[in-house]
Every structure is written in structure tokens, then in C-alpha cells.
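Please look over the model shown here with its ligands in view, and keep the sequence at hand for reference.

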Amino acid sequence: MKVFLISVNREEMNMRTWPLGAACVAASVQQAGHTVELLDLMHVGDPIASVRTAIREFHPEVVGVSVRNIDSQKMSDPICFLESAREIVAEFKALTDAPVVLGGAGYSIYPMSLLEYLRADMGIQGEGEMSFLDLIDRLEQHTDMKGVSGLYLPGSGLQGWRRYEKDLDSFPLPDARFAADSIFAGDDFWFPVQTRRGCPMNCSYCSTAAIEGCLLRKRSPLTVVKWLSEWVKLGLKRYYFVDNTFNLPPSYAKTLCEELIDASWDIRWRCILYPVNVNEELVRLMAAAGCMEVSLGFESGSELILQGMKKKFSPKDVNDASDLLGEFGIRRMGFLLLGGPGETKESALESLRFADSLNLESLKLTVGIRIYPGTSLAQIALREGIIAAGDDLLQPRFYMAHGLGGWLKETVDHWMLEHPNWMR
Ligand code: B12
Ligand code: SF4
């Protein structure tokens, strides 16, 4: 079959990205012997014109649409990205009979409401490698869709329970054919690499369980290094480990670093750390393996707020991790999430002072927390009347502690004036 995959992610950022999720699905489709093309609209000036050209030149029999970001997650200036995605789906529907199948992180959070909103033919919640192939086979053989794992159809909903592949090594890794030439130009591109999926940490506001599930699943470190070697050969020197928690489990993180050290490549990488078990042995290995920056998502400096967010670390853990990383010359980008349940002026100031005391290289502040369906934050917001029962939360809705909004915004603005390395 001729399969066209398109990433509709249009968020503008300083950092260039590559649609890793769509590329993983494309690799799986290619390995099964289908013809596949991938178009990343992030780097395209006129998306509709690109879609028309693709249909004219490729004549797809199935179209997969990868929806990653729903909105900017900014309470003060919420930008919803769904309108352009809807136009793109409409263009496909107008110009071809090929079924349009949704997937991706954003889609997985809203499998039914986004299917209806974007007016697509079907959607697959969760990882696409197996389910999308199953779907293509059934389309090819004209058999019915009952039982396709994670598949949603308009009107009838879920067709088969989601399955989570435990051994990620069984999935092919995307190759350079799916990367735009532009990512090889310049040295500001951080090539995304995923070693693990799923997160068991269950933070109160987080949507990751809907996207990847709660069970941590891995690729073997050897497979990861083998994959990286292909990209290193092509000249890519910067990598971004997009795993939710690079350091969990610690034994995996250490083995991966050791493999990278053994490979002796001249590469640099960044990753996301969960501030527990960040000890000297790990940080030393990370630094030796090429880690130059970590995202340290501590979100608050108040013990009470951290407990409310269901974080399993204390401000002291964050402080210790941050100091160690600093000692080994690893840049630290911190994250604060202010205005959640229980937040008061005192706790917000405690967090700002705490972030200040860490002397981080940079800090991203978010004021007001985006409410995602199925989270404990959504339950709290419902109880407090911030959202209504039945609100699918597709249009951005935010939690802000009662009476704190205006004060918090002004206070954060004031602190930012004095901290040029802080951003929103
Ligand atoms: C790493 C990351 C980043 C990095 C990206 C680095 C890079 N070079 O790529 C950075 C820091 C830049 C980033 C920025 C942002 N991010 Co971010 N990010 C992530 C993270 C942790 C991992 C994404 C990833 O690469 N996953 C690995 C790939 C393989 O998985 P995947 O894309 O989900 O694909 C699989 C399935 O979804 C499915 N699939 C994908 N496409 C398709 C298509 C079809 C047809 C099918 C059937 C299946 C399918 O199969 C794939 C393989 O199994 C996710 C959290 C998460 N766990 O998903 C958040 C996440 C995607 N980010 C999010 C947000 C909000 C942002 C920002 C808007 C934040 C901000 N305010 O600035 C920006 C936007 C940036 C942009 N340009 O899009 C949200 C999106 C929520 C939403 N739906 O709106 C997430 C989900 C985090 C969260 N829980 O809130 N991010
Ligand atoms: S550790 Fe990160 S990915 Fe995991 S539940 Fe918490 S916020 Fe989500």
C-alpha cells in the first residue's frame, strides 16, 4: 500500500525538532514492505500547498496524520494549533478517497473528541508501530476493524484494547530517509532519541499515561548505541534523549552512559531528569558520556505543593541534584509550574526563592496548569467547579489557585526582570 505520513505540528520554537513519533511509525510501515513517504509541516511555508503536491505526486492509499501538540499550554496567551490541523485533514478528504488516520501524543490524550473535531476517518491511541500496520493490512484485505488495538472510529469508539509492547527492541528504528536535509545543516539541531516509553510516576497534572502508559518499557542500551552510530556516521553530533525520565531506572541510565563512553564519539546530548537517585556516580558517567544539559522538572520549591503534585522528591533532592550537575559542568534548565492546587502567595514565593538559590543556567516558568483529561488535577478542578462535568478539555482549560492569578502574573513578571536567564 502507498502510505503517506504527515506531521501537522506547527508550534514555532527557537529549537528545531524532528517528528520522531511519525518517523517511528513510518519505519514500521516501511519494514512491512509498504511504500511510505513522510512530510513534516514544521519546516513548510504553505502547508496546504505541500499537501496538494503530495497528493498529486504520491497518490496515497492511506494517510496517517501525527498530531503532537494541541496548544501552547500558556494560560496568559493560549494558542490552539487545531485549526490548521483541521484544514489539512479537510484538504485530504476533499482531494483523495484515502482514509485519514490520526495518531500521536496530542491525539492520544483526546482519542474521541479530537477524531470528531478534526473530522478524520479513524484514529489510533498510543504507539503506532503495531496498530497502524494491523489497520493497513485490514484496509488492504477489506476486512473489518474490530480488535485493532487502540483504534477509534467515529460513532462506535474503541475497537480493541490498547497493547503496550514490552520489548521496544522489536520495533524498527527510523532511518535517515525520514529526516529532512535541513536537520543536517548547521549545529543547532538536537536529534531526538527515545530509549524508553511509559512513566510510572503519576504526577497529578501529567498526560503522559494517556500517551505512553504507566509501565516503563525499554530498548536495550546496545540497540540505542547501534542506532546512534548510524546518525553519528552521518555527521550528527547533538542528541536529545526525549525519555520522560532519563535517570530511571538508574541502572539503565548508567549502562547507557557506559556504552556511550565506550563508543568514544565526539557527541553532546541533553536529557530530562527526575530529581531522585541523582548521585555522583551517575552524574560523573553522564558528563563523561557527553551530557551537556539537563531539563530538571522540579516544578515547585514547596514541600507541600510537591506532595500535592504527587512528586516523589523533596526540595533538598532537587538542590543536591542541581549542585552535583553544576559541579560536573552540566547545564541545568529548571522548570517551575505555579498556581496549582494549594498554591498560596507564600508557597509561590518559596518556589521563586528556591529556584533563585539553585543558580540554574536557565529556568522556564509556567503560570497556571493546563488541565488534561483523566488526571487527578482534572478531578480536583471538577470538584472545585473550575471545569464542568462533560468538558472534554480539548479547548485549553487551566487550573489557577483561587484569587492568585493577577498577583502571580505580576510577581513572576517582576522576578523575570531581575533574572534574564528565566523565560516563560
Ligand atoms: C521531548 C519532548 C519535547 C522536546 C522535543 C525535543 C525534540 N528534539 O524532539 C521539546 C523540549 C523541544 C518539547 C517542546 C514542547 N513540548 Co514537548 N514533549 C516531549 C516529550 C517528553 C517526548 C516527545 C517524543 O519525542 N516522544 C517520542 C515519540 C516516539 O513518541 P510520539 O511522538 O508520541 O509517537 C508515538 C505515538 O504517539 C504514535 N504516533 C505518532 N504519530 C503517529 C501518527 C499515526 C498516524 C499513528 C497511527 C500513530 C502515531 O506512534 C509513535 C511511536 O510509538 C513529550 C511527552 C511524551 N511522553 O510524549 C512532550 C509533549 C509532546 N510536549 C508537549 C508540549 C506542550 C510541548 C511545548 C508546546 C511546550 C512549550 N510550552 O513550549 C513545546 C512544543 C515544541 C514543538 N515544537 O512542538 C506536550 C503536548 C501536550 C499536548 N498534546 O498539547 C507533551 C505531551 C508533554 C505533556 N505531557 O504535556 N517537547
Ligand atoms: S515524571 Fe514527568 S512524565 Fe512522568 S508522570 Fe511526572 S510529569 Fe509525567
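Predicted model: local features only at pLDDT ≥ 70, side-chain atom pairs only at ≥ 80, totals over all residues.

The shell around ligand 1 draws at least three residues from each of domain 1 (2-158) and domain 2 (190-423), while ligand 2 has a shell with no charged residues.

**Ligand 1**
- Of the 42 residues around ligand 1, those that come nearest are Gly21, Gly64, Gly103, Glu127 and Gly128.
- At least two residues of this shell are supplied by each of the helices α1 (20-31), α4 (105-109), α6 (128-141) and α7 (208-212), and likewise by each of the strands β3 (62-66) and β4 (100-103).
- Helix α1 provides the largest share of the shell around ligand 1, namely five residues.
- By residue class, the shell around ligand 1 comprises 19 nonpolar, 17 polar and six charged residues.

**Ligand 2**
- The residues that surround ligand 2 are Cys199, Met201, Asn202, Cys203, Cys206, Thr208, Asn244, Thr245 and Tyr274.
- Five of the residues in the shell around ligand 2 are nonpolar and four are polar, with none charged.

**Glycine 368**
- Glycine 368 is placed in the loop that lies between β15 (362-367) and β16 (369-370).
- Glycine 368 counts as buried because it has 24 C-beta neighbours inside 10 Å, where 20 or more are required.
- Apart from its neighbours within four places in sequence, glycine 368 is in contact with Met75, Gly339, Phe398, Tyr399 and Met400.
- Between the C-alpha atoms of glycine 368 and valine 101, which are 267 residues apart along the chain, the separation is 33 Å.

Definitions and conventions
Residues numbered from 1 in each chain as written. Chains lettered and ligands numbered in written order. Near = placed C-beta within 6 Å. Helix = DSSP H or I, 4+ residues; strand = E, 2+ residues; numbered from the N terminus. Nonpolar A, V, L, I, M, F, W, Y, C, P; charged D, E, K, R; others polar. Domains from an automatic or database assignment. Buried ≥ 20, exposed ≤ 12 C-beta atoms within 10 Å, placed from the backbone. Contact = placed C-beta atoms within 7 Å.
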